[in-house]
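Please keep the structure open as you read.

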Number of protein chains: 2
Amino acid sequence: MTAVQVAELYGPVAEDMVLVEDLLESTKNVDLPPLKRMLDHALEARGKRLRPALVLLAGHLGDYNLNKLVPLGAAIELLHTASLVHDDVVDGATSRRGRPTANAVFDNALTVLLGDYMFANAAEMVTRTGSLAVTRLFALALMKMTSGELDQDAAAFDAGKDVQHYLWRIGGKTAALFANATEGGAMLGNCDERVIEAMRTYGYSFGMAFQIVDDVLDFIGDETVMGKPVGSDLLEGTITLPGLLFLERYPKDNPIRRFILARRDRESRLREAIEAVRNSECIDASMEMARDYIRRAQEAIAFLPESETKRCLIDLSEYVLSRNS
Amino acid sequence: MTAVQVAELYGPVAEDMVLVEDLLESTKNVDLPPLKRMLDHALEARGKRLRPALVLLAGHLGDYNLNKLVPLGAAIELLHTASLVHDDVVDGATSRRGRPTANAVFDNALTVLLGDYMFANAAEMVTRTGSLAVTRLFALALMKMTSGELDQDAAAFDAGKDVQHYLWRIGGKTAALFANATEGGAMLGNCDERVIEAMRTYGYSFGMAFQIVDDVLDFIGDETVMGKPVGSDLLEGTITLPGLLFLERYPKDNPIRRFILARRDRESRLREAIEAVRNSECIDASMEMARDYIRRAQEAIAFLPESETKRCLIDLSEYVLSRNS
């Protein structure tokens, strides 16, 4: 996405996103040279900053206090980045979005400590919101995230898990932090309890759809746009929604199971499995579940009076379904 | 140490330490079976709980509110344990105090996530103190700890660092968390600013001495009591105070430098280096620096009126100098 497109997506808060950027940038100012080099590398790749944008938008529904909202937005983005840094160590990944990972440039040992430092810095930053309740939510979100990640790693190459289990896992791994962004933003905006609750549901459902689309793209995405090969999840033994639906619907002689059990010809088995799922109705069925979550997100905020912010939240939720990377 | 000796050391707060133990125990109650197994393992080895005891003692100088002090004590112990879990991954350590490390039993990937979960749980626990200021201090302490660890790892096998640099590093790696325990405990006890400041100095100086003694024991300790071989630090390339003093005083043809540069016969070079330092005056010189920090700790609290708590804080500081494991 270009800067113009982002500005369109983030509507009333687009211009203030630079404050989040500045605060993130300031975290690189450390005295220790090896840490500085590592932070420069980890924070160089800029994502779309979806989570901080959601913090600001949620806060925009109430008292729009940037002195509180910007630290929460930056803290959540920093936490998200730190978790990617550790995930890459855990997965032994050497590139992400076309760039070498921190563990590929430095080493695993230093990269574990880099992630720890970023977690700590994120925790310090969230205390700048002045809200103990929001700080507490933030810590709880990290507990859910790591539980989800741990479960994914522990259940790798296990074809016996079901869709329910998948939804629990991505609820922790991904949706918890989106929910933290929107709920926390609304809390810092001193919104009514009903609005805070609605924004929590919006963020959680948004995050669920976001992860499902991500998992669908791992089957049908364009490798050059995504910056990673198709089938990366399955290669690591992570069976996501399209694969689980496919296993459920075609229990006999299933190419996913064949890949999971394969000791030889893993590459061609992987290609067969990806191809089979891609050509099945399970892709559409997965996207229908994502659409369902987006409907829930929109329903949750339907009662809000019409505003540019509400419009923007609805548009953003639609964007999740249309993204291709 | 036996339970009786601990009770003697922790005086007026000894009986309340069971509350810290119960709260730590409760963190194992998680739904996810692989996480539960890992938490059971990581929390099985019980240390002396020095840090939580210092939290309670500091709080005992003011309003002794266990509803606040116990969560801080447990949070600090959990943070300490999480950092050991990650350190063992970073160092590739297979045993600690005679028990296999988490990364040896599970694998590095899961162990990184285990540590992350424990950090998050510690952060959640510290918010139960109800104090945003204490929560903030806690996050800052973790930033200092990881900076110190990162520096140690980045400076491994570098014989060009000096004593000043070593003191900065252990200030982050070790003393910051001790200072957090005593300062945070005094804050939660609503102590006067002067007492809070004194307890920060006490905890910091206590932690500096604690680490120096630890580093001396790596040269002269009894392997069976310590549960790890002598020279473990140097083997990993970490040059601690006795070695730095030895390098400074004997710049020519130094066995420490010979080991650091050695590509062959590393085992016998290590033994030579350890032996040379052990037989030098650098052990005494290091212990004299530790004693000096303990003097500072005691001076910091000298103005406090006499009490059982003050007596206990002084005795504990003396214990640091006499410990052998």
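This is a predicted model: local features need pLDDT of at least 70, side-chain atom pairs count only at pLDDT 80 or more; totals for chains, interfaces and linings use all residues.

Residues are numbered from 1 along each chain as its sequence is written, chains are lettered from A and ligands numbered from 1 in the order in which they are written, and side-chain values use heavy atoms, with hydrogens and water left out.

**The interface between chains A and B**

- Chain A and chain B each bring 37 residues to their contact (contact means heavy atoms within 4.5 Å).
- About 3400 Å² is buried between the two chains, and 79% of this lies on carbon and sulfur atoms (buried area is the accessible area, with a 1.4 Å probe, that two parts lose on being put together, summed over both).
- Leu113(B), Leu132(B) and Leu150(B) supply 19% of the area that chain B buries against chain A, more than any other three residues.
- Helix 8 (residues 132-154) of chain A packs against helix 7 (residues 108-127) of chain B at about 160 degrees, with the axes 8 Å apart.
- Helices here are DSSP runs (H or I, at least four residues), numbered from the N terminus; axes are lines fitted to C-alpha atoms over the stretch in contact, and angles run from 0 to 180 degrees between N-to-C directions.
- That angle makes helix 8 of chain A roughly antiparallel to helix 7 of chain B (angles under 35 degrees count as roughly parallel, over 145 as roughly antiparallel, 65 to 115 as roughly perpendicular and the rest as oblique).
- The crossing of helix 8 of chain A with helix 7 of chain B is left-handed (the near helix is turned anticlockwise from the far one by less than a right angle; clockwise would be right-handed).
- By class, 14 nonpolar, five polar and five charged residues make up the contact of these two helices (Ala, Val, Leu, Ile, Met, Phe, Trp, Tyr, Cys and Pro count as nonpolar, Asp, Glu, Lys and Arg as charged, and the others, Gly among them, as polar).

**Helix 4 with helix 17 in chain A**

- Helix 4 (residues 50-60) and helix 17 (residues 308-322) of chain A cross at roughly 150 degrees, their axes coming within 10 Å.
- The two helices of chain A are therefore roughly antiparallel to each other.
- Helix 4 contributes Leu50(A), Leu54(A), Leu57(A) and His60(A) to the contact, and helix 17 contributes Thr309(A), Cys312(A), Leu313(A) and Leu316(A).
- This contact has six nonpolar, two polar and no charged residues.

**Helix 2 with helix 5 in chain A**

- Helix 2 (residues 17-26) and helix 5 (residues 66-91) of chain A pack at about 60 degrees, with axes 9 Å apart.
- That makes helix 2 of chain A oblique to helix 5 of chain A.
- Their crossing is right-handed.

**Salt bridges**

- Over all chains there are 48 salt bridges (a side-chain nitrogen of Lys or Arg within 4 Å of a carboxyl oxygen of Asp or Glu).
- Between chain B and chain A the count is two.
- Arg136(B) and Glu124(A) form a salt bridge, with 2.7 Å from N to O.
- This pair links helix 8 (residues 132-154) of chain B to helix 7 (residues 108-127) of chain A.
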